[in-house]
Amino acid sequence: MRHFFVLWLIGAIVFDWRLRRVPNWLVLAGALGAIGALAIHLVPLHIGWADALSACAATFVFLLLFYAAGLMGAADVKFAAALALWLGLEGMLWTWIGASLLAAVHSIGLMQMRRWTGAVRQRRREVPYAAHLATAALAWMAWASAAR
């Protein structure tokens with residue numbers, strides 16, 4: 001299941017960087033993959049049902065506030081909730097911190113580039129947050145696997 005998880009993360013990265021969206025079918029595939037992995041005890045980081053479901057609910061509710069404030073897209077919220085099924089509470093916390101740092105660097109870079117070139121904002125959603133979440137999740141998975 002580790003290979004499916006990694007491919008799912010890469011798919012989200014590609015879609016979000018190229019289109020600034022993550023299709024619902026991809027989010028659903030990740031959520032169903034996580035549920036299947038939990039059912040047969042093959043989640044890459046060996047979390048249980050309680051951890052996965054509580055992480056999913058907490059992530060969804062917390063990030064829904066950012067969506068309501070207009071700071072995040074709906075696909076980012078849905079993707080993060082599906083991702084939490086794979087990572088559990090601890091993994092999702094570290095992934096969220098890492099993704100937020102990546103998004104902050106990205107945003108600062110965009111602001112500086114606009115300042116230097118005089119360019120105007122091109123898109124409503126310029127920061128691919130789901131891609132940053134997926135990148136941080138790959139890093140967390142590599143670190144957590146090496147620490148075991």
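In which helix is Ser100 found?

A: Ser100 is found in helix H4. A word on ground rules before going further: this is a predicted model, where local features need pLDDT of at least 70 and side-chain atom pairs count only at pLDDT 80 or more, while totals for chains, interfaces and linings use all residues. Residues are numbered from 1 along each chain as its sequence is written, and side-chain values use heavy atoms, with hydrogens and water left out.

Back to the serine. Ser100 is partly exposed, at 26% relative accessibility (buried is under 20% relative accessible area, exposed is over 50%, and partly exposed sits in between, with a 1.4 Å probe and protein chains only). From Ser100 to Ala144 you count 44 residues along the sequence, and the C-alpha to C-alpha distance is 19 Å.

The term salt bridge here asks for a side-chain nitrogen of Lys or Arg within 4 Å of a carboxyl oxygen of Asp or Glu. As for cover, Glu126 counts as buried at 14% relative accessibility, whereas Arg114 is partly exposed at 24%. The structure holds one salt bridge.

Now zoom out. The protein chain has five helices and zero strands, which gives α-α-α-α-α from the N terminus on (helices are DSSP runs of H or I, at least four residues, and strands are runs of E, at least two, numbered from the N terminus). The radius of gyration is 15 Å, close to the 15 Å that the globule rule gives for 148 residues, so the chain is as compact as a globular protein of that length. That radius is taken over C-alpha atoms, and the rule is 2.2 Å times the number of residues to the power 0.38. Along the principal axes, the C-alpha atoms fill a box of roughly 55 × 30 × 25 Å.

Of the 148 residues, 41% count as buried. Take the contacts (heavy atoms within 4.5 Å) between residues at least 6 apart in sequence: 75% of them join residues at least 24 apart.
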